[in-house]
Amino acid sequence: MSINKFTNSLINETSPYLLQHAHNPVNWHAWNDEALALAKKENKLLLISIGYSSCHWCHVMEHESFENEEVAVIMNRHFINIKVDREERPDIDQVYMNAVQLMTGRGGWPLNCIALPDGRPIWGGTYFPKENWIKALEQLSKMYKEKPEEVIEYAVKLTEGIKDTDLLPLNTVQQEFTVLQLHSAVAEWKQYMDFDLGGRKGAPKFPMPNNYSFLLRYGVQSNNTEILEYVNTSLTNMAYGGIYDQIGGGFSRYSVDKKWHVPHFEKMLYDNGQLVSLYAEAYQATKNELYKNIVYETLQFIENDLTNSEGAFYSSLDADSINAKGKLEEGAFYVWTKDELKAILNNDFELFSEYYSVNYYGYWEHDNYVLIRKNSDEEIAKNNSITVTELKTKVDVWKKVLLKERSKKERPRLDDKSLTSWNALMLKGYIDAFKVFNEPHFLEVAIKNATFIYTKQLQESGNLNHSYKNGSSTINGFLEDYATVIDAYISLYEATVNEFWLQTAKQLTDYSLDHFFNRERAMFYFTSDEDTDLITRKMEIEDNVISASNSIMANNLFKLSHYYSNSYFLKISKQMLHNVEERTQKYGSGYSNWLQLMCNFSSNFYEIAVSGKDLKMKISEINKNYIPNKLIAGSTKKSTIPLMEGRFSESDTLIYICVEGACQLPEKEVESALKQLKIYF
């Protein structure tokens, strides 16, 4: 019997993830005041189930349990069931993820948490097979009916634990950041590095863009060849791996193995935005053509698959798609059998097999291969007595042929909501690619997206909204939205010298200080003071796959303090770093974006001010060089930005190298100006 005879209140939502559950027999509610009030009125436990639309195991649990009428009867009888899209409501996800991690020592999605009617959690976990799920729900509902005082006592203790995590105390000892601390942090970190395959030792392997961005900078500035080789190994193997879509471009979320081979196939906007920035930066530092190819191919994928007509970026592509047998299967869209490839490639099959490891190295399961490279173009060309140019021509043809063939398959489902924070990460990717490659199209896309955020997501009251779909902008923004947009707008100012973007970044920063900042702790809350309270107000401190919103804000304040000669911004930035200083030494990979800021405070940092009619040409020339310890300001006329005051000349284009607003004599030539810089520690 079709489960589509059922419809619940999620049918009125816009989130693709919630809509996926709108025809479950479970009486799902979205997280809202009405559902929470109903739980209190009926004195029922909340069953809070959190996931996202491209999550494979979320689909598995839905199919096994939430589509099952027997399970639905138990859930509906004993609980008020709430479905949450963790991408739409990262604030709710943070609280209950924290609870589950405290209870079980691990977390992930789907995230399932049982809570008192007032939201205080009592039990939780991630994926549960159907029988385990039924058993747990029956036991919990029985316990709440028979021993409610014990359940409430546990909830009180657990909630206190959740409130205590991530609330850092103000560090009041003397502030001093040194290069020695950077050396110490990296030395401690090295024990976790996989120098053979890249990434963190063991499996699974996540691409952690902020890790490699910092380590690239550290390797260059400290002239540390071992760390630079580690970064290159990581970036090369990620680019060669199955985690990278060798045919269509773009990265999946992570690989389940240690050689970057078999991914969980969902493709997330946030990964790809940050990885474009990373590979562009790495090309700037090394001029490695592989990195350039990754940037261009990934941006082509974003344009083909994750961009709408308004210039907004969609959130993700699902891991699962319909296979040849008409069933949803993880990775079905991306994998190939030998027979398929032989039929498509004919005489080129042998060379293709060597190039993309259609052998023991690239084999996955059920006769399927996930394409993975093992050797460079130079090695393959030499082994087959052809030139590198001939090989590259063949690879281009293979990609076109297989892309066309793949387009005949059922495509993975699209999560077509646009999140402000993720859009800003992708926007920054386009800007960084433009800075490095000077490709006008990249800047056009960037400006269109920046304009979308400004016109659709920035409200008249000065606040950003978090989510956008079908012309509707909803959900008050979180700190991640402000932090990433400010960062992207500062970067867009550097690329265009249009002061509008810098001024907007400053306005958003002022708004964040008014509505998110805790002055006693000198840290920002994740939620605005205008939001309805959850059981606690969290602070996001630790850098993860995406840098912590607090670390991005600390870096933003540092840059804006230089542009606007704002000592208050600088003081906050410094105190924020000081608060996490001890943690950076013990756990560098979880504080790598904070360590970027420590680089700025502990060694030379330059303001490059360019003024005059030829400034865009000069800035483009500067951007050919990897200079991590600088920001760029510019104007073609008199400017209101403090850093640019008194710098304008009608007759010449002048380049000023400044430290804390004090500039050396201007130069007309980029090469001469850059000689005034000291990149190394």
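Searching the whole structure turns up three cavities of 30 Å³ or more. Here, a cavity is a set of points on a 1 Å grid over the protein atoms alone where a 1.4 Å probe fits but cannot get out, and lining residues have an atom within 4 Å of a point. This is a predicted model, where local features need pLDDT of at least 70, side-chain atom pairs count only at pLDDT 80 or more, and totals for chains, interfaces and linings use all residues. Residues are numbered from 1 along each chain as its sequence is written, and side-chain values use heavy atoms, with hydrogens and water left out.

**The cavities**

- The largest cavity has a volume of about 920 Å³, counted as the space filled by probe spheres set on the grid points, which are joined across faces, edges and corners.
- Its lining takes in 36 residues, and Ser213, Glu281, Lys428, Asp432 and Lys559 lie nearest the centre.
- Two or more lining residues each come from α9, α11 (269–286), α17 (420–437), α19 (479–496), α21, α23 and β21; helices (H or I, at least four residues) and strands (E, at least two) are DSSP runs, numbered from the N terminus.
- Helix α11 gives the largest share of that lining, with seven residues.
- Sorted by class, the lining of the largest cavity has 13 nonpolar, 14 polar and nine charged residues.
- The second largest cavity holds about 120 Å³ of space, and among its 14 lining residues Gly242, Tyr244, Asp245, Gln246 and Tyr334 are the closest to its centre.

**Helix α23, tucked inside**

- All the residues of α23 (592–602), 11 of the 11, are buried, so this helix is largely enclosed by the rest of the structure; buried means under 20% relative accessible area with a 1.4 Å probe, protein chains only.
- Its cover includes α8 (179–189), α9 (209–221), β19 (523–524), α21 and α22 (567–586).

**The sheet and its helices**

- Four strands make an open sheet in the order β21-β20-β22-β23, with mixed pairing; two strands pair if DSSP finds at least two bridges between them.
- The edges are β21 (630–635) and β23 (662–663), each pairing on one side only.
- Strands β22 (654–659) and β23 run antiparallel and are joined by two bridges, and Val659 has Ala662 in β23 as its bridge partner.
- Helix α24 (615–622) packs on the sheet, touching β20, β21 and β22, where contact means heavy atoms within 4.5 Å.

Key:
Axes are lines fitted to C-alpha atoms, for helices over the stretch in contact, and angles run from 0 to 180 degrees between N-to-C directions. Buried means under 20% relative accessible area, exposed over 50%, partly exposed in between (1.4 Å probe, protein chains only). On a 1 Å grid over the protein atoms alone, a cavity is a set of points where a 1.4 Å probe fits but cannot get out, and a pocket is an open set with protein on both sides within 12 Å along at least five of seven lines; lining residues have an atom within 4 Å of a point. Ala, Val, Leu, Ile, Met, Phe, Trp, Tyr, Cys and Pro count as nonpolar, Asp, Glu, Lys and Arg as charged, and the others, Gly among them, as polar.
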